[in-house]
Structure formats: C-alpha cells, structure tokens
Amino acid sequence: MTSPLRLGIAGLGTVGIGVVRIVQRHADILAVRSGREIRITAISARSRDKDRGVRLSDYAWEEDPVALAARDDVDVVIELMGGAEGAARDLVEAAIASGKDVVTANKAMLALHGQALAEAAEAAGHVIRFEAAVAGGIPVVKTLTEGLAGNEITRVMGVMNGTCNYILTRMEAAGLGYNALFEEAEKLGYLEADPNLDVGGIDAGHKLALLSAIAFGTRVNFDAMEIEGIQRITLDDIRQAADMGYKIKLLGVAQMSGRGLEQRMSPCLVPETSPLGQLDGGTNMVVIEGDSVGQIVLRGAGAGEGPTASAVMADVIDIARGTRMSTFGQPASGLKAVAGATGSVPAPYYLRMALLDKPGALARIAAALGDAGISIDRMRQYGHDDGTAPVLIVTHKTTRAAMDQAVGAMAGTGVLASEPVTIRIEAV
Ligand SMILES: NC(=O)c1ccc[n+]([C@@H]2O[C@H](COP(=O)([O-])OP(=O)(O)OC[C@H]3O[C@@H](n4cnc5c(N)ncnc54)[C@H](OP(=O)(O)O)[C@@H]3O)[C@@H](O)[C@H]2O)c1
C-alpha cells in the first residue's frame with residue numbers, strides 16, 4: 001500500500017473546518033479513490049482554544065502557520081487563511097521552498113502573486129492547486145484545464161460573486177433599493193469584512209483573472225481588468241431593464257480579440273430567458289465557449305463550507321493520485337504577457353434617462369446618438385406626471401467610447417432631467 005498523503009492545514013474557519021469534516025467523514029472513500037490514505041497531521045489557526053465543533057486533538061498544533069511548511073510529517077500544505085499578503089503568502093512561499101505541494105482557496109493572493117508563485121512551484125517541481133478559489137464548489141478549473149483542454153477557448157463569462165447576485169435578485173423580488181439590500185446582506189453575514197471586495201466587483205475580478213490565465217494561456221493580469229461594482233444600480237434600472245426583457249448581473253467576461261485580452265467585471269444586461277438571466281440568489285454560474293465544444297454552462301454553489309471544501313478535496317485527491325498539473329494548465333514560465341485590450345468588443349447598450357417635457361427633446365437625444373455613429377434598435381417612453389419623461393433606449397452594437405461620446409453630447413442638449421445611465425448588453 002502506498003504511504004499516506006499527509007496534510008497540514010492552515011486556517012480552520014469556514015473552509016478549513018469543512019475540509020477537516022470531509023477527511024474525517026469520508027476517510028474510506030478518499031482512500032479507495034486515491035489509492036492511499038489521506039490523513040491530517042498538523043493544523044494551525046489564530047486561536048487554539050476556539051470551539052470549532054470538530055475533534056482536532058489528534059492533530060499537531062502549530063502556533064505559527066508558516067511552521068507547517070517545515071514539518072517532516074506534512075506532504076501537502078493547505079492554505080485556507082485568506083488575504084493576498086501576510087501569513088498566507090509567507091506560508092505558500094515557505095511550502096514551495098520546503099518541497100511541498102500546495103492547495104489553496106485564496107483568489108486574492110493568486111490574482112496578485114499567482115504568476116510568481118506558480119513559477120517558483122514549477123521550478124521546484126511542485127504544484128499549486130486552487131479549484132476552490134474560483135466559483136467555490138463548481139469544478140471550473142478542472143473543466144478548463146482538463147475537460148476542455150482540446151479547445152481554443154473563445155470566451156469565459158460568469159456570475160462569480162453570490163453576494164452581488166443575491167443583492168440584485170432580492171432588489172427586484174422585494175422591490176427594495178440597493179442600500180436596504182446591502183444592509184440585509186450584511187446582517188446575514190454574506191459580505192466580506194471589506195464589503196467593497198464583494199459589491200465593488202474585486203473578489204469576482206480576482207476569480208476572472210485566474211480563469212483568463214488558464215483559458216487564454218496568458219500571465220495573470222488583474223491590474224488590466226476593467227472593474228465596476230453594483231453600487232450604482234438602482235431599483236429603476238432593474239425594473240426598467242426587466243421591461244425590456246433583461247436582467248442585470250455583475251458579469252465577468254474574458255475574451256481574446258484583435259484588440260488584446262479583454263477582461264471586464266461589471267454590471268451587464270443579459271436576456272432574462274438565458275441561463276445567466278435565470279440565475280437567482282447566491283448561486284454562481286460560469287459559461288465557457290470553446291471552438292470545438294461550443295458553449296457549456298456550469299452552475300452551483302459558489303461559496304460555503306461544503307461546496308468550497310469539496311473543491312479543496314478534489315485537488316488533494318489529484319495530488320494523492322499522482323496527477324500533476326501546472327498551476328494554470330500549462331507551464332507558468334510560458335504564459336504569454338499580453339496587454340489589456342484597447343476598448344471592448346462592440347455590443348448593444350441600454351440607455352436610461354429622464355427628459356424634460358420639451359418639444360423636440362427626444363429628437364435631440366437621437367441626434368446625439370446619431371452623431372456618435374450609434375443607431376437605435378428599440379425605444380420606450382413612459383407616462384410623465386411631473387414634467388419629466390423616462391426614456392429607455394436599446395442601441396445596436398457600438399463601442400463604449402462611442403457611448404461615452406454620445407452621453408457627453410447629451411449633457412449639452414438642455415433636455416436631460418437626470419444623468420443618463422448606460423449598461424452594456426452582453427450577448428449570451
Ligand atoms: N468561505 C467561503 O465560502 C469561501 C469560498 C471560496 C474561497 N474562500 C477562500 O478560502 C479562504 C478561507 O476562507 P474562510 O471563509 O474559511 O475564512 P474564515 O472563516 O475567516 O477562516 C480563516 C481562518 O484562518 C485563520 N487565520 C487567519 N489569519 C491567520 C493568521 N495570520 N495566522 C493563523 N491563522 C489565521 C483563522 O483563525 P481563527 O479561526 O483562529 O481566527 C481562521 O481559522 C480565503 O482565501 C477565502 O477567500 C472562501
């Protein structure tokens with residue numbers, strides 16, 4: 001019988017304890033599937049005395065998580081503390097230097113330092129695996145690196161922050177504004193300690209940066225990502241988008257075009273009948289398009305103890321089986337450095353504004369669009385009791401730059417009662 005695979009776990013919070021539970025509950029299944037026993041030997045967290053609801057007394061305790069890297073009875077270091085810097089990064093660097101494989105759920109660390117960490121691990125002949133870092137329980141890293149390895153990937157899209165999707169779908173269902181739902185999400189414990197990571201699109205942006213690297217064979221380039229959060233989305237935006245047959249999602253899109261690598265994490269409109277449009281609550285969805293496979297849709301829990309620990313264990317089992325995989329699906333030293341795209345692929349846009357009730361107001365707006373080379377696909381004007389007229393316009397495909405030019409010109413028309421809101425409509 002092959003020797004046991006020995007785990008050192010740093011971080012015993014939601015995900016860490018989930019991993020401990022799976023190892024304890026499914027010892028037999030894991031051993032059969034891996035061909036060897038999977039055993040926890042050492043653990044670390046901040047507080048040794050905290051009651052974590054599972055038996056931990058069989059495992060050696062390290063006050064300093066980085067010390068796990070030096071232990072002779074640890075083969076794989078599992079980093080589940082979080083944070084792009086500090087203990088998490090120190091531990092991963094120390095583990096690689098000490099000749100250990102690493103499994104982590106830490107998207108922030110990998111989005112900022114993944115390239116250097118992957119190169120160091122590969123130079124040392126070790127692996128860093130991170131299935132749990134992207135879309136929790138959805139096996140999207142495995143899908144891209146293995147199931148779709150024979151494809152040229154043309155586009156990756158996803159709703160990858162459950163908290164934002166919860167807020168947006170609850171706004172519509174409850175008829176409440178963004179602030180009320182932000183408070184509700186906070187009370188339910190759905191927000192990160194720094195809520196901007198969620199509602200500002202940064203957390204989802206980290207995940208998209210990792211998927212982009214795998215999908216397009218490019219160096220992780222989080223800095224080149226265009227990021228906009230959901231903070232400015234109003235109930236009116238949601239309701240009026242619904243009137244035109246759309247849902248608003250915080251959507252990540254990565255695609256390679258002649259303009260370079262486009263990576264966007266921003267509110268977008270998607271058809272309400274599409275799989276992305278029908279995604280309610282905290283669930284995640286990743287849509288991948290490849291030249292041979294066409295489009296595939298993966299859906300599931302993007303966070304939580306069980307789903308995230310499930311993804312960690314998939315990586316652990318791969319290591320136990322001897323399946324070695326480069327961090328980003330190909331050697332990190334060969335990943336291409338590509339510039340961020342100059343401008344985005346043209347798309348239709350949704351435009352919402354209120355006009356003053358003046359003769360010729362609508363004609364001036366249409367002229368501003370026409371002057372920027374934008375043609376109108378559909379338009380709707382609402383009843384007005386207060387001297388203003390809400391107007392919704394869906395344009396034909398255009399560029400962000402042309403939309404900005406048109407909106408700039410509208411400001412000088414003297415017919416606007418509110419600042420125009422523009423949201424890209426993503427073809428899904
Ligand atoms: N929660 C999810 O659903 C989810 C989903 C996907 C990915 N992730 C990622 O998984 C990682 C862990 O998330 P989590 O939700 O499990 O976090 P968590 O519940 O806050 O747990 C963090 C754990 O790390 C320990 N820790 C933090 N800083 C430490 C330090 N400097 N030294 C030693 N121990 C330290 C904490 O110790 P104490 O308990 O003693 O305070 C705690 O046990 C993060 O990278 C996160 O982004 C989480």
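By what are Y178 and F182 separated in helix α7? I found about one helical turn between Y178 and F182, because they are four residues apart in helix α7 (residues 178–187); helices are DSSP runs of H or I with at least four residues, strands runs of E with at least two, numbered from the N terminus.

I note that the model is predicted, that local features need pLDDT of at least 70 and side-chain atom pairs pLDDT 80 or more, and that totals for chains, interfaces and linings use all residues. Residues are numbered from 1 along each chain as its sequence is written, and side-chain values use heavy atoms, without hydrogens and water.

Aromatic pairs. I took rings of Phe, Tyr and Trp (its six-membered ring) as paired if their centres lie within 6.5 Å, with planes under 30 degrees apart stacked, over 60 edge-to-face and the rest tilted. By this rule I count three aromatic pairs. One of them joins F130 and F328 in a tilted arrangement, 5.5 Å centre to centre and 55° between the planes. This pair links distant parts of the chain, 198 residues apart: F130 is in the loop between β6 (128–129) and α5 (140–147), and F328 in the loop between α11 (305–321) and β13 (349–356). Both F130 and F328 are buried (under 20% relative accessible area, 1.4 Å probe, protein chains only; exposed is over 50%, partly exposed in between). Y178 and F182 also form a tilted pair, at 6.0 Å and 40°. I list Y178 as buried at 11% relative accessibility, and F182 as buried at 19%.
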